[in-house]
Amino acid sequence: MAGAGAYGRKSAHSQPNCSKSGLGPGPGPDQPIITCRLLRSLFTPLIQTLRGPILSSSSTSPLIQRRVERPRSTRSLPSVYMKFTCLSKGGNFYFPPCHIITVSGFRILLDCPLDLSSLMIFSPIPTHAFSNPELPSPDSVDQKRQKHERPIDSSELIRAQPWFKTVTSLHLWNVPFIDVVLISSPMGMLGLPFLSRVNGFRAKIYVTEVTARIGQLLMEDLVLMNKEFRQFYGCEESGLPQWMNWEKLESLPSLFREIVLGEDGVELGGWMPLYSADDVKGCMQKVHTLKYAQEVCYNGTLIIKAVSSGLEIGTYLSSPVLEDVKDNSCYSAPTSQKSSTLSADNDQEASAELLLSTSESLEEMEKLNFICSCIIDSVKAGGSVLIPIGRLGIILQLLELISLSLEASSLKVPIFIISSVAEELLAFTNIIPEWLCKQRQEKLFSGEPFFAHTQLIKEKKLHVFPAVHSPNLLKIWQEPCIAFSPHWSLRLGPVVHLLRRWSGDENSLLIMEEGVDADLALLPFKPMAMKVLQCSFLSGIKLQKVQPLLKILQPKFVLFPEDLRQLVSYSDTNSHAFFYYCENETLPVPSLKNSSELEIAADLVSLIHCRRLTAESIGIGRLKGDFSVTHGKHQLHSGSEQADSSQSRPPLLHWGSLDLERLLAVLEKMGIRGSVEQGNSDTDSENARVVHVYEPNKALIEVRENSTIISASNESLSSLIFEAVDGILSGL
Amino acid sequence: MAIECLVLGAGQEVGKSCAVVTINGKRIMFDCGMHMGYLDHRRFPDFSLISKSADFNTAIDCIVITHFHLDHVGALPYFTEVCGYSGPIYMTYPTKALSPLMLEDYRKVMVDRRGEQELFSNDDIMKCMKKVIAVDLKQTVQVDKDLQIRAYYAGHVLGAAMFYAKVGDAAMVYTGDYNMTPDRHLGAAQIDRLQLDLLITESTYATTVRDSKYAREREFLKAVHKCVADGGKVLIPTFALGRAQELCILLDNYWERMNLKVPIYFSAGLTIQANMYYKMLISWTNQRVKETYATHNAFDFKNVRSFDRSLINAPGPCVLFATPGMISGGFSLEVFKLWAPSEMNLVTLPGYCLAGTIGHKLTTGKPTKIDLDKDIQISVRCQIHQLSFSPHTDAKGIMDLVKFLSPKHVILVHGEKPKMASLKGKIESDLGIQCYYPANNDTVCIPSTCWLKADTSKTFIRSSLNPNFKFVKTISEDKSNLVSKETEATSVLQVHDERVAEGILIVEKSKKAKVVHQNELLLMIGKDKHDVQFAYCCPVQIGNLERTKGMDFALSKNVVSTSDECSWLHLLFAKLATKLGGNIQDFGQHLQVDSIHISVCLKDICPYRTTDGPQKEPAVFFCCTWSVADVNLAWEIISIMENLDLSII
């Protein structure tokens, strides 16, 4: 392998297929395609795995689109339609962004992730082989403080039960005020138990059924892996752990300090001890699962529809589309692009396929093939291969490729998957045809399993165990072997044990993902003789794909991360209004529409008595019915008490002026006589003219410019006079 | 606007389900089945009624298939490959996966065993299935700009669905076959509460109400167990899909529980292959089966193996599932011939057997001999056990569904005529919903809801959304003796929130209609408001009080001083409140009921005081004003006031 770097790491750049990464300091000169860091321009190889080859949009550029109609009234200023707050821009694939939006009075939280890469400041559980007799004494820490320029020593890792870093700014929001939580991927779900266990949490959580299941398994796995620490360190002390003391924090290397406190030094509050299994259970009970492309309506107003985003088996699962009754807005969640307005679903599915050029899927395939060839080389040399990648889709594809390659080179090397949830995850992937891509679905129709792993397990080529200490594992364990095992942070789970075992073997190979700080990740395992291959996979939309995406969606507004402002220079910006958002700033999105639509039942319309205004060609009529908001529509039904009452109701609203001469004439015809008298009795009625009625009974009509008062001694006379007045005035 | 429903099959009969529904110009074919009872042209729906010119692609916008049974999907390859329909076809994933098996099985029986000319080839089936678009439950599919369809769980067989279709404002549901009670492997039908113009429902069991299945299941297991314990062989003739899996789950569990080692066989590779599909489609089964998929897939039968022809005459007990059901031919007949003569053996017939099949003969009488054809006669000495497991809903289930959905019209299909007539009567009398049960090739036309679209203002929406609370105090008067009047108010407060939207519709030439709130109208049409009010100055007697506190008031003028104004008002309030309930409000200076405004009149001469002559009784005057909306109530209050004596407490 050419280009073996430090710790024998294979440089990803040595292979063109693997150099797609934009995660380096900047795009290299040999990279004509600008892929920027936050877009996480890596591409999913899961074209074959995914349902409908649909690419995913920038994880950091949610698109807010709405259908806009020209404002009807020029008087009113555009009102704020929606408020958007970015709580976290996220990090890598495993740490999706987190936003909160306020729309039509509802607060919607988009994803609730955990920053698991920050686990790397903790030391994995020491073993006998590893535990250093020269544990740093407390005073030696002080010396190191001065020298933090030099490479960090593994002894500086925090030796304590790890805490987990949540999205800090989320804690500033009042949890009971969140109405809806939309989860777009299993990764976006990992922080959810922290939220759902809060007293007063009452939001509806919408998750696709597959995300829910995988997310639950990932969380349970996390809890289980974390338990290992508890067994080692004993029960947690109450209150803050020691490492969180200010002095201890001060003494941390600057890199660690930044991880703990964040760039602005305010993120300490985001650290929490991990939730319990009961918290996970409670969280799952509050989740509402969605089927593929199922539409749900929240409170009659918000329409939420999950469509496949085409990212990874984990993330492709959901990208809720949000439509609001008023503005038909549509939010495509992170890592999704197939958001749709009401009408455009079909077009989009078609065009999403267009978007994904085959060359890119080929590229991804090539990448996997390259990884596979490295694995085979390593195994041939007698070394074992360790794959701690946490992407289910990649694992499934690699499994198939590896087994094919092994067969082709007639090698008999066992493949192990060691994870507490592996068995269930693998079983689960074979029962979700609805969420897979066309090619995989075809397998259903020809009666084969979707993925090869079922067959591999049957043929005893693939072995699945819940833990390294599983009794049967030792019986059949043989090396070299290929092992998949969590966790990618290299701090938790079975991977720690395996890595310690093989780190000294120069023939062995560790496959890591780019985007993970490899130096830090491998720190506890130094010195390493083992080879390391870092490879990047797609985890978002490519920047150059944004434009075609916008073309399909035709959004009126696009919200884009501020950091990417320079990188987007779109020619036809007049068709979409771009807004740029920053972390922890609330961005108001204006509303352009001032009126909404009402649907009136036809039988109700037939009851309306329309009155034509003489001057203009306008007809007006009173409308009364039962109002309802269903599925994003305002509707007026004919109510129960409708039929009889609407017929003979007197007009309630009058306009125009009352001509006294006419009034007297009309009254006369009714047999009512009276005389006009200029009002002089009262101080406040200077302009009032009064008609005194003396036949058939006493009554009084007080007429002013804009008002008339009828006072009669009995009901029938009063209503007769009203009839006369009504006949002269215009009314409704 | 209207919905037109042309019933091409399953009208007043069971078989060849096919209904062509036109909604707002869109034409959907629901199911495309064949009739198993006929071998001539009657076996397929009469497609010529859809389009005279046989141009089906323009005549039909899409086909929706509810499940894989042949009476629902059987004519599909014929319609697409022979008649030439090439538009979209929708079915659920399991239906798409399992239909070709059913079709191919049928084709084989027709061609290979009966030697008939085939109506469609295997190639046709494959080509036809390629055109099918699979959908998930609750997935909202936009077929074209106007037509939207959605599948709901029907529970009848794996992948069975009810379909919702909507064009513009008109919406309908076609149920296909469904089951309202969960069984061994499937859940109960499930649907959202939808606004429907039309519901087309099956009515196989239009008049029967079924009891629990568990007793029948126990009976079945007992019979099978007894037979194998005595060394006999059990033959269960079934079709490959559906019933076979359900009974297998039942037997497999029972075998496990009782620790039986007697082999259970599946006759053909077909059923084994079908189990493979069931395993992958486990998410379409019921909750209990689903929960265990990871540790043990319920369709991974532990005691089941495939059958080899040589085992037919092998000694020892066994259980055999053989296709086809009803012993209508094929392998199940072959085995039946050999096993029927022995008394030790058992034949279990699950489900419905068509007239003319051996299964039917076995269940209708107790024949000892069955003539297979002119030459062959089988003597039947084995035991016969009939199992009436039916995955159709019963009459109660149909009524429940109709009531739940409350559509404007119901059409019954897939049932027997007299039973349908009685169910129609029940739906119309009990639920007040119009109901039809057309015969084949009849068309039913029903009106559909139509919505008129209008723009509306925010003020109108807001006013309509605002809760319109009315608090009504109903005072219970029975406890009034013991306590004084104020504290006795053990009134029950009733809160009403009737949201009736009132607005004004404005129609202008060549403009979209607009609905606004009343207050916005005048601004829109540029007119000034003219207030029309009523006024009445009402005297209320204070006679008795005058006598007791006489000195406090200016007797001659019949007028109260300002300081007493409020106390009079309060007195009036208390009086009116007891008569009118909680609607009246006291604002200190005046009382108010809706637009009616009552205040103490201090004027010597009030223009609204119409009563003539000097007051005989001392009285306080209250000026009342109101607008036209409350005319009736106002006069009612006035009449109360005029007959009131404020001094009587």
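**Entry 1**

I started at Lys165(A), which stands opposite Trp271(A) in S10(A). The model I am reading is a predicted one. I looked up the strands behind this pair. Strand S7 (residues 164-166) of chain A and S10(A) are joined by two bridges and run antiparallel. I then asked which strands make up the open sheet around them. The order is S6-S7-S10 (chain A), three strands with antiparallel pairing. I noted the edges next: strand S6 (114-115) and strand S10 (271-272) of chain A each have a single partner strand, so one side of each is left without a neighbour in the sheet.

**Entry 1: the seven-stranded sheet in chain B**

I moved to chain B and traced an open sheet of seven strands. I wrote down its order as S6-S5-S4-S3-S2-S1-S22, with mixed pairing. Which strands of chain B stand at the edges? They are strand S6 (132-135) and strand S22 (443-447); each has a single partner strand, so one side of each lacks a neighbour in the sheet. I also looked up the twist, which averages 25 degrees from one strand to the next.

I checked the S22(B) end in detail. Strand S1 (residues 2-9) of chain B pairs with S22(B) over five bridges, in the antiparallel sense. Within that pairing, Leu6(B) has Thr443(B) as its bridge partner. For my own reference: strands of a sheet pair through backbone hydrogen bonds, either parallel or antiparallel.

Lys16(B) sits in the loop between S1 and strand S2 (18-23) of chain B.

In chain A I logged two cis peptide bonds, one after the other. Pro486(A) and His487(A) are joined by a cis bond with omega about 10 degrees. I located His487(A) in the loop between strand S19 (482-484) and helix H14 (495-502) of chain A. The bond from Lys526(A) to Pro527(A) is also cis, with omega near -5 degrees. Pro527(A) belongs to the loop between helix H15 (518-522) and strand S21 (531-535) of chain A.

**Entry 2: the interface of chains A and B**

I turned to the contact between the chains. On the chain B side 76 residues are in contact, and on the chain A side 96. The buried area comes to about 7500 Å², and carbon and sulfur atoms give 57% of it.

I counted polar contacts next. There are 26 residue pairs in polar contact between chain B and chain A, with both residues at pLDDT 80 or more. Which element gives the most to the side of chain B that touches chain A? Strand S26 (residues 500-508) of chain B does, with nine residues. I sorted that side by class: 40 nonpolar, 14 polar and 22 charged residues.

How many salt bridges does the rule find across this interface? I get one. It joins the side chains of Lys453(B) and Glu599(A), at 3.4 Å from N to O.

I also found strand pairing between the chains. Strand S33 (residues 707-712) of chain A and strand S28 (residues 531-541) of chain B run parallel and are joined by four bridges. There, Thr708(A) stands opposite Val532(B) in S28(B).

**Entry 3: salt bridges overall**

I finished with the total, which is 27 salt bridges over all chains. I opened one of them: Arg391(A) with Glu513(A), whose closest N and O atoms are 2.6 Å apart. Arg391(A) lies in the loop between strand S16 (385-387) and helix H9 (392-408) of chain A, and Glu513(A) in strand S20 (residues 509-513) of chain A, so the pair ties together parts 122 residues apart in sequence.

Technical notes: Residues are numbered from 1 along each chain as its sequence is written. Chains are lettered from A and ligands numbered from 1 in the order in which they are written. This is a predicted model: local features need pLDDT of at least 70, side-chain atom pairs count only at pLDDT 80 or more; totals for chains, interfaces and linings use all residues. Side-chain values use heavy atoms; hydrogens and water are left out. Contact means heavy atoms within 4.5 Å. Buried area is the accessible area (1.4 Å probe) that two parts lose on being put together, summed over both. A salt bridge is a side-chain nitrogen of Lys or Arg within 4 Å of a carboxyl oxygen of Asp or Glu. A polar contact is a pair of N or O atoms within 3.5 Å; within protein, one must be able to donate a hydrogen and the other to accept it, and residues adjacent in sequence count only if both atoms are side-chain atoms. Ala, Val, Leu, Ile, Met, Phe, Trp, Tyr, Cys and Pro count as nonpolar, Asp, Glu, Lys and Arg as charged, and the others, Gly among them, as polar. Two strands pair if DSSP finds at least two bridges between them. Axes are lines fitted to C-alpha atoms, for helices over the stretch in contact, and angles run from 0 to 180 degrees between N-to-C directions.
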